[in-house]
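Trainee: I've just opened this one and would like a quick tour. Can we take it piece by piece?

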Amino acid sequence: MINSERTRKDEWRLRRASSIILPLFFLSVLISALIVSVANDMYAFVKPQREITLEISESMELSEISDILADNGIISNPTVFSIYVLSKDAEERISEFSGTLSLNSSMSYREILRSFKKNE
């Protein structure tokens, strides 16, 4: 009797541990994949090379410019790019920019920001 009670308790503990560990494992895999994707986009670890020329007008907001960059394959995630620009306090520089911008799809976010500064 005592062995069967221990076996049941051990099975219950194993199920309980599995019900906690497995979802946490899958959640950590998803978060890791998201982090890798964002890091690749920010730092241009593995991005194809493609030259693109864009026409930017002064009346465009950061969200519009981010969407244009994403639509043209320069960045993958416009929201993350907008957050990056805001964190660098560069929103004004980008939204006041007007003119032609020559970019490469393998550029990091930092290099993209520098392009806006060079062409002012």
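This is a predicted model: local features need pLDDT of at least 70, side-chain atom pairs count only at pLDDT 80 or more; totals for chains, interfaces and linings use all residues.

Trainee: Okay, is isoleucine 83 buried or exposed?

Mentor: Isoleucine 83 counts as exposed, because its relative accessibility is 52% and the cut-off for exposed is over 50%. In space, isoleucine 83 sits 10.0 Å from leucine 62, C-alpha to C-alpha, and the two are 21 residues apart in sequence.

Trainee: And which residues of helix 3 are buried?

Mentor: Those are Pro78, Val80, Phe81, Ser82, Tyr84 and Val85.

Trainee: What caps the N-terminal end of helix 3?

Mentor: Asparagine 77 does that, with a side-chain oxygen 3.1 Å from the backbone nitrogen of threonine 79. Past the helix comes aspartate 89, which has a positive phi, near 55°.

Trainee: Back to Phe81. What is phenylalanine 81 in contact with, leaving aside its neighbours within four places in sequence?

Mentor: Its contacts are Leu62, Ser66, Leu69, Ile75, Ile94, Tyr109 and Ile112. Phe81 also belongs to a cluster with Tyr84 and Tyr109, linked by ring pairs.

Trainee: Oh, rings. How many aromatic pairs does the structure hold?

Mentor: Five. One of them joins phenylalanine 25 and phenylalanine 26: the ring centres are 5.5 Å apart and the planes are at 65°, so that pair is edge-to-face. Another is tyrosine 84 with tyrosine 109, also edge-to-face, with 5.4 Å from centre to centre and 65° between the planes.

Trainee: Where do tyrosine 84 and tyrosine 109 lie?

Mentor: Tyrosine 84 is in helix 3, residues 78–87, and tyrosine 109 is in helix 5, residues 109–118, so their pair ties together parts that are 25 residues apart in sequence. Both tyrosine 84 and tyrosine 109 are buried.

Trainee: What about phenylalanine 25, how accessible is that one?

Mentor: Phenylalanine 25 has 47% relative accessibility, so it counts as partly exposed.

Trainee: Let's switch to the core. How many residues has the largest nonpolar core?

Mentor: It has 24 residues, and the ones with the most contacts inside it are Leu69, Phe81, Ile94, Tyr109 and Ile112. Strand 1 (51–56), helix 2 (62–71), helix 3, strand 2 and helix 5 are the elements that give two or more residues to this core. As background, nonpolar side chains in soluble globular proteins tend to be buried together.

Trainee: Which residues are buried in helix 2?

Mentor: Leu62, Ile65, Ser66 and Leu69. They span an arc of only 100° around the axis, which puts them on the same side of helix 2. After helix 2 comes glycine 73, whose phi is positive, near 80°.

Trainee: I've also got serine 108 on screen. Where does serine 108 lie?

Mentor: Serine 108 is in the loop between strand 2 (99–104) and helix 5. Its relative accessibility is 10%, so serine 108 counts as buried. Leaving aside neighbours within four places in sequence, serine 108 is in contact with Met42, Tyr43 and Ala44.

Trainee: New topic: charges. What does the salt bridge count come to?

Mentor: Three. Aspartate 10 forms one with arginine 13, where the closest N and O atoms are 3.8 Å apart. Both of these residues lie in helix 1 (residues 2–43), three residues apart, or about one turn of the helix.

Trainee: And which residue forms a salt bridge with glutamate 11?

Mentor: Arginine 15, again with the closest N and O atoms 3.8 Å apart. Glutamate 11 and arginine 15 are four residues apart in helix 1, so about one helical turn separates them.

Trainee: Are lysine 47 and aspartate 41 buried or exposed?

Mentor: Both lysine 47 and aspartate 41 are buried.

Notes
Residues are numbered from 1 along each chain as its sequence is written. Side-chain values use heavy atoms; hydrogens and water are left out. Rings of Phe, Tyr and Trp (its six-membered ring) pair if their centres lie within 6.5 Å; planes under 30 degrees apart count as stacked, over 60 as edge-to-face and the rest as tilted. Buried means under 20% relative accessible area, exposed over 50%, partly exposed in between (1.4 Å probe, protein chains only). A polar contact is a pair of N or O atoms within 3.5 Å; within protein, one must be able to donate a hydrogen and the other to accept it, and residues adjacent in sequence count only if both atoms are side-chain atoms. Contact means heavy atoms within 4.5 Å. A nonpolar core is a set of buried Ala, Val, Leu, Ile, Met, Phe, Trp, Tyr and Cys residues joined through side-chain atoms within 4.5 Å. The arc is that of the directions from the helix axis to the C-beta atoms. A salt bridge is a side-chain nitrogen of Lys or Arg within 4 Å of a carboxyl oxygen of Asp or Glu.
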